Structure formats: C-alpha cells, structure tokens
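Welcome, and please have your viewer ready.

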Amino acid sequence: MRRNKRLWRLVPLIAILSIIAVGCGNPSMSALDPSGVVAEQQLNMILISLGVMILVFAVVIALWTYVVIKFRERPGQEKLIPKQVEGNHVLEIIWTAVPILLLIVIAIPMVMMTFSLAEEYSEEEHPTAIRVNVTGHQYWWEFEYPDLGVLTAQELYIPVGEKVFLEIDSSDVIHSFWVPALAGKMDNNPGLINTMWLEADKTGEFRGMCAELCGPAHALMYFKVVVVEQDEFDGWVDSMVNFVSEPETAVAEQGREIFAQTCIGCHAVGPEGGTSYPNLTGFADRSTIAGFLDNNEELLREWIADPQVLKPGNAMPGFDLNEEEMDALIEYLKTLTLDY
Ligand code: CUA
C-alpha cells in the first residue's frame, strides 16, 4: 500500500517532465513540421504506421474491456473453466488474416516510398539537379559541389524547389547526415558512398545534425541547410567561385598575414589553402562558428584561443596569440564576406 502511494506521487513529476519534453527542440529541426517532399513522405509513413497501431490498440482494449466486464466472476459462482476455442478455424483465420492485411496496408506505401527515395539523380537524366558530395569529419561537415567547383563547410546552400542529390561518405568514423525538416537519415560510412536526395519547398534555414555517436563532440556536430531562391543561389555560387580576399585596413592586412602563417595550412580561403579542415570562404556570413557557436567576436576569440574547451576532441589546436595579433586575425576573418 505504502509503495503504491509512493508510486502515485511520481505521477505529477512524470506529467511535468512530459510537458517539458514536448516543448523541446528547435522548430527548424522537427520531422513533424516538414519543409520538403522527402520529409513529407517520411512523415506520412509515420502517420500511416501510427494510425494502424492506434486502430489495433483501440480494438484490443475494447475487446479486453468487454470480456473483463461481461465474463467477470459473479458472487456465488464456482470457478468456471471458460469455453475452449482450440481448433476453431474461423477464429484462426481471422487472427492470421487481420495482421497480414494490416502489414499490407503499411507495406504498400513503404515499398513505394523506399524506391522513390532511392532514386538517383544522374547528370544525364536530371541536368538541373544540384549534386553535392557530403563528407562527415570529426566533427564538421564538408560540402563539395563537383559540377560548380565550390567547396564549403557547415552550411549547405541549395535552391528552393530543386532536387539536390547527395553522395555521402566520411573521412574517419561513421556519422549520419540528418536534416529532420527536409530529409534523413543517411549514414556517412568511411570508404563507401551512400546516396540520397532532398528538395526544399520553402526558403529558410534548416538545422541538421550528426545522428550517429561519433566521439566526444558528436552532440555539437551541427550544420545548416540554407534554402534560397535560384538567383540568390547562382549569386552565392558565383561569389564562392570568384572569391578574393582584399583586406582594406592595415589591421585586417596584418590579420591576413597571421592567417597565412598560422591557419592556411588547414583552412582554405578562396582557392588557397589546405582542404583537410573547414573551408572558410564566406566565413563572416555564416551564422555559426564550428557549426554550433553564434558567430560573434567574443566567441570567436574564445574559439581560436582554445577550441578544445568548446568542442572537445576536435582537430583544431589552440593558438596562443597576443591581444594585438588576435584583434588583427579577427578583423581579417570579418572581411571574409561574400558579395551577392
Ligand atoms: Cu558525427 Cu556524430
């Protein structure tokens, strides 16, 4: 009895926690609020399965309630053995056929959707599709547009209403590409290319993240899909391809020199620099640093000084710059904007 009472006391706690959990999450990151055809199909599949499950649940509970009430033991009744139904062909056919029918109801749209989502958008058949090679790294995302000559990181630009065909792999461990509002998930396997497509039906920014535990900073392995109108996309591509960094102030120029000595081995800007870590062309226009921190000066300083504190296990070492050098480097990074 006392134990029961204690359990009942947990009810309000569980109720409050459920209400909090319902409010969780970023609205641009919900599979229940799709903004593209793939996510819509995936949501429909969830709803069809859920509908079938609710139907089964309701029928089973209704029958159970009826039986419990109707056949309960009444006062004065001896313990009766219920009527045995073993070998009843009608019942056996019903409880075999009904689950098969329910599975068919789920299987038909599921199989059709599986084929439609596995469609490959080859260059010959779909010349307008945007093709992107997505590479997962511990702990950042690289996006290469082989047909357009663009290499970028953390923000995947795509035009609205256009098929985007992704070839997905990894440079190290298994990651998983997931943009809940648009499509997902697809594993990034090292040494193996998985493909998927997506299409956004409205402009905006949609948050994505890595959906496979890949190391200490897995939970910070965010990225964004930025959906823009076609002409804005063309402008973005053009300014990425023709980017030249031209610091206008002496401080920014000093920053460019520091960047050239310290950072360029790993981070390219425009056509110059290393490609093994995020390409920083247009970095000043990105809304985040390292995919998850607000892109502001204060956090940028903290990030450069000690990235391991903010994103444990990532490959970037801290840089021990004096205040003047840090100011100059930040001034230079602020000039990395795209004109379009
Ligand atoms: Cu990459 Cu988790």
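In what order do the 5 strands of the open sheet stand? The order is S4-S10-S9-S6-S7, and the pairing is mixed. Helices and strands here are DSSP runs (H or I of at least four residues for helices, E of at least two for strands), numbered from the N terminus. Before you go on, note that this is a predicted model, in which local features need pLDDT of at least 70, side-chain atom pairs count only at pLDDT 80 or more, and totals for chains, interfaces and linings use all residues. Residues are numbered from 1 along each chain as its sequence is written, and side-chain values use heavy atoms, with hydrogens and water left out.

**The open sheet**
- Strands S4 (155-159) and S7 (183-188) are at the edges with a single partner strand each, so one side of each lacks a neighbour in the sheet.
- From one strand to the next, the twist averages 20°; angles run from 0 to 180 degrees between N-to-C directions, with axes fitted to C-alpha atoms, for helices over the stretch in contact.
- S9 (residues 204-210) and S10 (residues 222-228) run antiparallel and are joined by 6 bridges, where pairing requires at least two DSSP bridges between two strands.
- Within this pair, Arg207 stands opposite Lys224 in S10.
- Helix H4 (residues 230-241) lies across S4 and S10, at about 135° to S4.

**Strands S5 and S8**
- S5 (residues 164-170) pairs with S8 in the antiparallel sense over 5 bridges, and Phe165 is opposite Trp197 in S8.
- In S8 (residues 194-198), 4 of the 5 residues are buried, so the strand is largely enclosed by the rest of the structure. Buried means under 20% relative accessible area, with a 1.4 Å probe and protein chains only.

**Helix pairs**
- The axes of H2 (residues 37-70) and H3 (residues 89-117) come within 10 Å and cross at roughly 170°, so the two helices are roughly antiparallel (an angle over 145 degrees; 65 to 115 counts as roughly perpendicular).
- Their contact (heavy atoms within 4.5 Å) includes Met45, Ile48 and Val52 of H2 and Val105, Ile106 and Met110 of H3.
- That H2 with H3 contact has 13 nonpolar, 4 polar and no charged residues; Ala, Val, Leu, Ile, Met, Phe, Trp, Tyr, Cys and Pro count as nonpolar, Asp, Glu, Lys and Arg as charged, and the others, Gly among them, as polar.
- H5 (residues 250-262) and H8 (residues 323-334) pack at about 95° with axes 7 Å apart, which makes H5 roughly perpendicular to H8.
- The contact of H5 with H8 has 8 nonpolar, 2 polar and 5 charged residues, including Arg256 in H5 and Glu324 in H8.

How values were computed: Angles under 35 degrees count as roughly parallel, over 145 as roughly antiparallel, 65 to 115 as roughly perpendicular and the rest as oblique. Buried means under 20% relative accessible area, exposed over 50%, partly exposed in between (1.4 Å probe, protein chains only).
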